[in-house]
Amino acid sequence: MDRGEKNMKRSVQTSDKGYIFLFLLPTIILTGTFLYYPFLRSVYKGFFYWDGYLTSRFIGLENYIQLAGDEVVRMATLNTLEIMCYAIIFQVGLGIVLAVLVDSVKFGTNFFRSAFFFPVAISATAIGLMFTLFYNYDNGLLNQLLTKFGYEKVLWITEESSLIAVAIPTIWQYVGFYFVILFTAISKIPDDFYEAAHMEGLTGIKKTLYITLPLIWSDIKTCIILAITGSLKVFELVYIITGGGPVNSSEVLGTYMYTKTFVSSAWGYGSAIAVFIVILGMILSVMANKLLKREEVSY
Amino acid sequence: MVTKQTPWEKLQSTLTRSKLLKMVTYILLIAWSLTTIYPLFWVINNSFKPSDEVITDSFSLAASPTLQNYERAFQQIDIGQSYLNSLIMSGGTVFFTLLFGGLAAYTLSRFKFHLRGLIQTLLAASLLIPAFATVAPVFEILRKLELLNTYWALILPHTAGFLPFTILVLSSYMVTIPKELEEAAIMDGCNRWKVFSRVIVPVSKPAFSTAGIFVFLWSYNDLFSALIFVPQAEVRPINVLLSQISSQYSGTDYGLLATAVTLTLIPVLLIYLLAQKQVVKGLTSGAVKG
């Protein structure tokens, strides 16, 4: 009896091992083949002159030396950082403002949430095409408005304005995302905090500044980090609206990596750019984490 | 002379002040809602007008709505084929991600074994890998397997790319399922597969539907990978078609472009209307901690 029970336990365990293996196998094969191996190979191929087909020659750090001196990389990095600043200031900022405002009203909460959030769910490609129709010189929405009020048509996408032209839809699309995160955080604040604030005579903006914002600071931090990592992934809107132009003026790292690899066939160099994007992302997230942590202590 | 407010006047002035504040708040909120709703309305409205009417006045309501743009979208640019491609590839991605992700999540949330910690760390780390850093070698692999420009060329990389996050979401739900449920099933003679398919999956339905929705949206909305792996007309998903026609017709055929955008948005808007809570939850679940 005793032995029988033990045997049963043992047999369950050995068969469990089989199931563990079987159940994990598809995930291991798929992520191994299409995620981890390609990532490692990108890192490796960053040290090669590689045209994607037959030519592949080890050239050490040459891709990275070229990258450091590449005028377009400099521009794309600055553009990416500029979008990142807009994202932190306007996406997270507007997210905070809207969350506080919606929290202060009684009616329409659900409506506002639906209206603010839906751009997050739709494709950046479609949004890009939509904004192309707004910016278009002949008869786009903006120029139709101008002509209607008797003004001259404006060329909306120029070397000076192109980055702003792609930054606006990028920001606009994701405000609702940060709004939902922060609004959820605000609704979780227990009522007693506000009651105490009320006793102290704190209302309106003061209440927001001294009670609400410090209490959701960790969520704001999460949002800032998400805005940073999200900005490094910008591709679709730039690709559709300006294609990185005119004359690379709105190029971001993602579009430049795509062009170098799949248009100019410089696969090794493209891999080096991709590695640069990953490293930049890690450095910026760590920096943001450190900077924001210090802020948090002061409360 | 000192003018002193009566209590009544005091009450009145505070009331109007807070009323004014409320009104300003509502105006601001409605203003932002308009920035998201109006562009969408503009596009849908213009999709029902002939292109020359869009050019002369894109703001007026479609006076005599016409479906001619929709007919042309299906005939001229074969949007139906792209729709089908998108559905097959994103549907396939959802199926495989949920099946394999579910199995992996079940294993990781229920069994203690040697490599568990390592696998969990690797999965978490992979969330930091952007598509830019895998795309070239994946292209190479797909070319070797002769899968480029087939449905698999998008299903496989998408499934692999979305698995880690799906596993994270599913397993954090599955750890909350009481062990007694499974033990009862095992007593009844179920093997692990049966426990998974008959107990775990039905109980985890909310997590599966949330994950299914965000995987579908990510896959359906992705342009970058699709542009590289499945650009050919027979297999291209709807986003690739959009990107190709945007340069071709831009500035000339507003009606057709507005229609293409509208058609692309319809499935997503439908999902959003039917399952808004899950969409919001799914797309923000990475950020909001339990």
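Tutor: In this predicted model, take helix α3 (residues 71-104) of chain A and helix α10 (residues 217-232) of chain A, whose axes come within 9 Å and cross at roughly 145°. The handedness of the crossing of α3(A) and α10(A) is right-handed. Two packed helices are described by the angle between their axes and the distance between the axes.

On the α3(A) side, the residues that meet α10(A) are A:Thr80, A:Ile83, A:Met84, A:Ala87, A:Ile88, A:Gln91, A:Val92, A:Gly95 and A:Ile96. The α10(A) side supplies A:Ile220, A:Cys223, A:Ile224, A:Ala227, A:Ile228, A:Gly230, A:Ser231 and A:Leu232. By class, this contact between α3(A) and α10(A) has twelve nonpolar and five polar residues, with no charged ones.

As for the setting, the domain assignment divides chain A into domain 1 (1-36) and domain 2 (70-297). Taken over C-alpha atoms, the centres of domain 1 of chain A and domain 2 of chain A are 44 Å apart.

Chain A also touches chain B: 70 residues of chain A are in contact with 67 residues of chain B. On the chain B side, helix α1 (residues 7-47) gives the most, with 13 residues. That side of chain B comprises 46 nonpolar, 19 polar and two charged residues.

Note on methods: Residues numbered from 1 in each chain as written. Chains lettered and ligands numbered in written order. Predicted model: local features only at pLDDT ≥ 70, side-chain atom pairs only at ≥ 80, totals over all residues. Contact = placed C-beta atoms within 7 Å. Helix = DSSP H or I, 4+ residues; strand = E, 2+ residues; numbered from the N terminus. Nonpolar A, V, L, I, M, F, W, Y, C, P; charged D, E, K, R; others polar. Domains from an automatic or database assignment. Axes fitted to C-alpha atoms, helices over the stretch in contact; angles between N-to-C directions. Left-handed = near helix turned anticlockwise from the far one by under 90°.
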